[in-house]
Amino acid sequence: MNRTVKKRKIISFIALSLSTFSAIFGLFWLVFILFDVIKNGIAGLSLDLFLKDPAPPGMGEGGLRNAFIGQLEIVFFATIIGVPLGILAGTFIAEYARGTKFARIVSILSDIMVSVPSIVIGTFIYSIMVKPIGNINLGAIFGVLFLSVILAVIFGGILNIVVNKILSNVSIKSRSKINFINITVVLITVLFGIGTFIYLSPKLIDRIQGFNGWAGASALAFIMIPVVLRTTEDMLTLVPWTLREAAFALGASYYRVIKDIVYRSAITGIITGVILSISRVAGETAPLLFTSFNNQFFTLDMNEPISSLTVMIFTYAMGPYDDWHKQAWAASLVITLFILLITLIARYIINYKFGKHKAQ
Amino acid sequence: MKRFFKVSLADIFFGSVSFLSALLVLILIFSVLFVLYKESSLAIEKFGVIKFLITNDWDPVKEIFGAAAPLYGTIMTTILSLVVAVPVGVGIAIFLSETAPNFLKTPLGITIEMLAAIPSIIYGMWGLFTLAPIMREYVEPFLQNTLGKIPIIGIIFQGEIMGVSIFTASVVLGIMIIPFIASISRDALNLTPNIMKESAYALGATKWEVIKDVMIPYSKLGIYGGVVLALGRALGETMAVAFVIGHKLDIHLSIFQPATTITVTLANEFTEADTDLYLSALFYLALILFILSFVVLVIAKYFLLRAERGLKR
C-alpha cells in the first residue's frame, strides 16, 4: 500500500517536472529570439535609418525611410478599407441577422478566414488587382466601386438631412407621401452613386497598373476584415438584450438603438479588436510580396509599387551584404517593438474594461 | 409623424449598408476559391489533378510542372513541427494551468500571448542568422553521428549538412506555433470545473493523476482544436520557412537536405513567372494550399465548436 502511494507520488513528481521543463524549454527559445532581435537590432539602429533612403550597396550608409513611410501608408489604407467593412458586417450578423443561418455561415467562414494562409490572399489580390485581365483591371473597378459607394452614402446622408430641414416646416400626414419621399431620396442617392462610378472609372482605372500600393493595402484589409468582424460580433453579443429592449420601448428605431446604445456599450471591445487586427497585419510579409512589391525609392503615390518594412527585411536579409543584414535587424527590432507595444495596449484595454466589470 | 420619417430612412440606410458589407465579406471569401480556380484552369487542363500531385518535375523551361516536391516539403515540415511543438505546447499549458505558482500564471500567460504576436518574418530571420549555423555546427552532425548510424532509420539523417534544411525549418516553425497550442490548450484546461478536480483530489489522486484522468479527458476537444489550428498555421506559414528551407525542388528522404514548400515556391517564383502556364501552375499550387488549409481549419473549428457546446450542456 505504502509502496504504491510512493510510486504514484514519484510518477506525479516526474510528470510535473517534465511539464515545468517543457515550459522552460519553450520559453528559452522564445526569449532567445527576442534577445537576439534586441541585441542585433540595437547595433544597427541609428537616426539615419529613419531619415535616409536606401543607398546602393557599398555607397555608404543608407536608411529605410521609404520603407517606414510605405509601411505606414499601406497599413493606414488597409485600416480605412478593412475596419468599416468589418464593423458593419459584424454589426449586421450580430444585430439584424442575429441567430439566422446567414449570420452563422458568415461567422464560421470568417473564423476560418482568420487563419487562411496569407500568401494565398496575396495571390488572390494579385490576380484581381495587379494582373490585368485583358485590358481591364478588375481590382481597380472594385476600388472605384467601393469609393463611389462610400461617396453615395455620404451624399445620401447629407441629402437626408437637407430634405428633413426643408420639410420640417411642412406637416405631411399621409403615409404614402412619406414613402414616396423616402424612395425618391434613395433613388437619387443610387443614381448619384452610379454617376460617380461612371465619372470616376475612366479617370482612375487606367492609372493603376502592375504592382501598386492599393493592392497591398487591400490584401492587408482582406486579412483584417474577419478579425474585426469576429470581435465586433462577439462584443455586440455581450451587450445585454434587455438594454436594447429598454430603448425599443422608448420608441427608438433599430438604427438609433445600435448607434446610441449598442455601440456605446461595446466601443472599447471593438477598438481593442481593431488594434489587434492592426497588430496582426503590421507584420505580414507574404501578402505584400506580389501586391505592393518593393520600391527602392521614396514615394507617396499609392498607384505605384510601394516598399514596406517587412518586404524590405526579406530582401535585405536574403541579400549578400553585411550592411543590409544590419539594417534588416534594426527594422525587425522596430517592427517587433511596435507590434508588442500595440498588443500590450490592447491587452491593457481589455483588462481595464473587464476588470472594471468584475469590480462592479 | 415627421420624426418617424426621419428615423426610418436612416434605419433603411444603415440596415442595407451593413447587409451589403456582410454580403461583400461572404462574396469575397467565395471569390477567393473561384478566382484561384479560374486562374489555375490552364494548368488543371494540362496536368489534371492526380498527375499534378504526383509529378516530381518542376521545369519552367520545358513547361512541365508537378506539385509533388512542394507538397512533400509542406507535409514534412508540418508534421515535424508538430512533433516539436505539441509536447512542449501542451506541457506549457499544463504548467500554466496547474503546476505554476499563482503569481507566475498571469505574467507567463501574457508573455506566451505576446510571443504569438511576433511577426513570422522575425522567426525566419532569426532562423537564418542564428539557428541555422547552430544546426550546421552542432545539432545536425550530432544527430547524424548517433541516430544516423542506426540502419533503416539512418536514411532520414543522411547527406551533406548545410544548415538550411527541412529539419531547421521544422524547428523554427515548431517554435513559432508553440504559443498557439499553449494558449488554446491552457484556456481549454482552465475550463475544467473546480468541483471535478476537487472530487478527484478528495479520492486521493495525485496532481498528475488529476491532470491526466480528469482535466485532459475533460478538455481534450479544445486541445485537439488548438493542435489542428496550429497545424493549419504551420501549413500556410511562408516567411518563417522561406529563410531556412533553401527552396530546392527535390524530394529527399533525408531531413537534412534543403527542400521547398508550397508557400516558399509561391514566394520565390511568383514574380518571376513569365509564361501563362507557369503562372497558372503557381496559382494551382495556391489553390491546393487553400483547399488543404481550409479543410484543416474546418476540422479545427469543428473540434472547438464541439468543445464549446459540450461546456454549455
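Predicted model: local features only at pLDDT ≥ 70, side-chain atom pairs only at ≥ 80, totals over all residues.
Local features need pLDDT of at least 70, side-chain atom pairs count only at pLDDT 80 or more, and totals for chains, interfaces and linings use all residues. Residues are numbered from 1 along each chain as its sequence is written, chains are lettered from A and ligands numbered from 1 in the order in which they are written, and side-chain values use heavy atoms, with hydrogens and water left out.

Helix α3 of chain A covers residues 65-96. Helices are DSSP runs (H or I, at least four residues), numbered from the N terminus. α3(A) has 32 residues. From first C-alpha to last, α3(A) reaches 46 Å, close to the 46 Å expected at 1.5 Å a residue. The expected span is 1.5 Å times one less than the number of residues. α3(A) bends by about 25° at G82(A). The bend is the angle between axes fitted to the seven residues ending at a residue and the seven starting there. A proline, P84(A), follows within four residues. Of the 32 residues of α3(A), 24 are buried, so the helix is largely enclosed by the rest of the structure. Buried means under 20% relative accessible area, exposed over 50%, and partly exposed in between (1.4 Å probe, protein chains only).

E233(A) lies in helix α8 (residues 213-238) of chain A. E233(A) counts as buried because its relative accessibility is 13%. Its neighbours within four places in sequence are left aside here; E233(A) is then in contact (heavy atoms within 4.5 Å) with G90(A), I93(A), A94(A) and S107(A).

In chain B, helices α4 (residues 102-117) and α6 (residues 166-190) form a crossing pair. Their axes come within 9 Å and cross at roughly 135°. Axes are lines fitted to C-alpha atoms, for helices over the stretch in contact, and angles run from 0 to 180 degrees between N-to-C directions. α4(B) and α6(B) are therefore oblique to each other. Angles under 35 degrees count as roughly parallel, over 145 as roughly antiparallel, 65 to 115 as roughly perpendicular and the rest as oblique. α4(B) contributes G109(B), I112(B), E113(B), L115(B) and A116(B) to the contact. α6(B) contributes P179(B), A182(B), S183(B) and R186(B).

Most residues other than glycine have a negative phi. F293(A), not a glycine, has a positive phi of about 60°. F293(A) lies in the loop between α11 (286-289) and α12 (309-318) of chain A. F293(A) is partly exposed, with a relative accessible area of 30%. H247(B), also not a glycine, has a positive phi of about 45°. The loop between α9 (239-242) and α10 (262-269) of chain B holds H247(B).

How values were computed
Helix = DSSP H or I, 4+ residues; strand = E, 2+ residues; numbered from the N terminus.
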